[in-house]
Amino acid sequence: MTDKIAITPATHTDPPAKFSHGVRKGNILQVAGQVGFLPHVDGQEPTPAGPTLREQTLQTLENVRSVLEAGGATWDDVMMLRVYLTDTTHFEEMNEIYNAYFEEQNLKEVPSARTTVYVGLPGDLLIEIDALAVLG
Amino acid sequence: MTDKIAITPATHTDPPAKFSHGVRKGNILQVAGQVGFLPHVDGQEPTPAGPTLREQTLQTLENVRSVLEAGGATWDDVMMLRVYLTDTTHFEEMNEIYNAYFEEQNLKEVPSARTTVYVGLPGDLLIEIDALAVLG
Amino acid sequence: MTDKIAITPATHTDPPAKFSHGVRKGNILQVAGQVGFLPHVDGQEPTPAGPTLREQTLQTLENVRSVLEAGGATWDDVMMLRVYLTDTTHFEEMNEIYNAYFEEQNLKEVPSARTTVYVGLPGDLLIEIDALAVLG
């Protein structure tokens with residue numbers, strides 16, 4: 001029996017329902033859908049990093065990374081990123097931000113697979129990302 | 001060589017195409033997208049549990065559970081739930097129903113990760129959910 | 001430490017960002033979202049197989065298969081296919097094409113699980129599919 005562990009970065013707000021920001025069981029780590037909320041401040045509502053795609057994409061990626069790291073993983077362990085955008089015209093700009101971000105992460109392994117689709121998101125959120133990682 | 005096993009709860013209608021309601025291979029179990037269809041009745045078309053988000057969410061969760069259990073798993077084995085809603089204004093109500101449902105399930109493990117996005121669904125369907133579980 | 005390997009079929013264009021068409025680590029293989037682009041021709045932009053759902057669905061499935069095979073897997077190893085359509089009225093036709101395609105693949109194992117949802121896709125793309133496979 002392998003333990004299933006909840007991953008809760010200190011920077012994160014409580015999830016708005018009974019789910020975990022991430023779970024790890026054995027060598028599999030699943031990151032829940034992350035959005036561009038700034039690190040949690042006690043007594044404040046979740047607040048996006050800003051109105052722009054750039055601000056939200058970078059914060060969302062950092063939020064995914066926080067969960068990975070709190071679960072003992074890194075970007076190098078990620079097999080799949082699911083990117084949810086709200087507007088097809090954001091694809092090119094998101095890719096530029098994404099590429100520059102990962103350039104700075106100095107990956108030792110090959111980049112993960114990725115799917116990008118265009119959906120609705122609540123409020124002013126422009127992007128959501130989740131991740132599946134396999135460690136070891 | 002590990003067998004890949006199709007999971008077909010007795011309550012379920014035949015899938016509308018060549019896919020399985022669930023598959024299990026070794027300790028990995030994948031539940032296909034479930035919607036709020038009532039248990040299958042011979043000679044009847046698939047019928048949603050009702051027009052409301054509450055009825056469809058509870059039935060959808062029960063349909064996911066049926067697949068998990070027919071595959072030898074429980075909610076405790078679930079790593080990730082993907083929730084597809086059709087309307088961003090349904091988020092809060094879905095969370096209330098979701099929380100109350102899982103309160104009753106008496107989970108022994110931490111809750112799974114989750115991603116919620118807003119998509120189109122056919123007919124009068126308001127919610128679809130799929131699940132990835134890791135057993136053992 | 002298990003290697004994480006990028007899978008890059010010869011038929012595929014370079015990904016439009018820092019992601020891999022597929023990655024494999026141990027017995028887990030993840031195929032990135034594939035669309036109906038024809039096999040890559042040097043100096044040409046990615047070009048869909050055609051404007052119709054039939055042309056794009058068949059090409060998309062072939063593109064998923066190329067990644068699976070370049071990673072040492074087959075359709076029989078696939079646990080989950082995620083199908084993204086742009087139009088709910090395409091569901092029935094997609095299923096007919098999907099069924100006929102898999103009829104020809106002579107699967108030895110049970111069919112994979114599947115989720116179909118309706119999203120936005122860029123340009124004239126009508127379908128996108130990704131896959132999770134577990135080998136061995």
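1. A:Leu132 belongs to strand 6 of chain A, which spans residues 127-134. In this predicted model, the relative accessibility of A:Leu132 is 11%, so the residue counts as buried, the limit being under 20%. For a sense of distance, A:Phe91 is 41 residues from A:Leu132 in sequence, and their C-alpha atoms are 21 Å apart in space.

2. The arrangement of the chains deserves attention next. Two copies of a chain are related by a rotation about an axis and a shift along it. Here, chain B is superposed on chain A by a rotation of 120° with 0.0 Å of shift along the axis, and the RMSD is 0.0 Å. The two copies are thus related as by a three-fold rotation axis. In chain B, the residue that comes closest to this axis is B:Val119, with its C-alpha at 3.2 Å.

3. Chain C is superposed on chain A by a rotation of 120°, again with 0.0 Å of shift and an RMSD of 0.0 Å. The C-alpha of chain C nearest the axis belongs to C:Val119 and lies 3.2 Å from it.

4. The interface of chain C and chain A may be described by its extent. Chain C contributes 27 residues to the contact and chain A contributes 30 residues. The buried area between them is about 2300 Å², and carbon and sulfur atoms give 60% of this area. Three lysines, C:Lys4, C:Lys18 and C:Lys25, supply 32% of the area that chain C buries against chain A, more than any other three residues.

5. Which polar features link chain C and chain A? There are 17 residue pairs in polar contact, both residues being at pLDDT 80 or more, and 3 salt bridges cross the interface. A salt bridge joins the side chains of A:Asp77 and C:Lys25, at 3.3 Å from N to O. On the side of chain C that touches chain A, the elements giving two or more residues are strand 1 (4-7), strand 2 (22-25), strand 3 (28-34), strand 4 (78-85) and strand 6 (127-134). Strand 3 of chain C provides the largest share, 5 residues.

6. The largest nonpolar core has 108 residues, and the members that touch the most others are A:Leu68, A:Trp75, B:Leu68, B:Trp75, C:Leu68 and C:Trp75. A second, separate core holds 18 residues, among them A:Val119, C:Val35, C:Val117 and C:Leu125. Leaving aside residues up to four places away in sequence, C:Trp75 touches B:Lys4 in chain B. Its contacts in chain C include C:Leu61, C:Val64, C:Arg65, C:Leu68, C:Leu81, C:Tyr101 and C:Phe102.

7. Is C:Asn95 buried or exposed? This residue, in helix 2 (residues 91-104) of chain C, has a relative accessible area of 5% and is buried. Beyond four places in sequence, C:Asn95 touches B:Pro16 and B:Ala17 of chain B, together with C:Arg114 of chain C.

Terms used: Residues numbered from 1 in each chain as written. Chains lettered and ligands numbered in written order. Predicted model: local features only at pLDDT ≥ 70, side-chain atom pairs only at ≥ 80, totals over all residues. Heavy atoms only, no water. Core = buried A, V, L, I, M, F, W, Y, C linked by side-chain atoms within 4.5 Å. Buried < 20%, exposed > 50% of the residue type's maximum accessible area, 1.4 Å probe, protein only. Contact = heavy atoms within 4.5 Å. Least-squares fit on C-alpha atoms with pLDDT ≥ 70 in both. Buried area = accessible area lost by both parts, 1.4 Å probe. Salt bridge = Lys/Arg side-chain N within 4 Å of Asp/Glu carboxyl O. Polar contact = N/O pair within 3.5 Å; in protein donor to acceptor, adjacent residues only side chain to side chain. Helix = DSSP H or I, 4+ residues; strand = E, 2+ residues; numbered from the N terminus.
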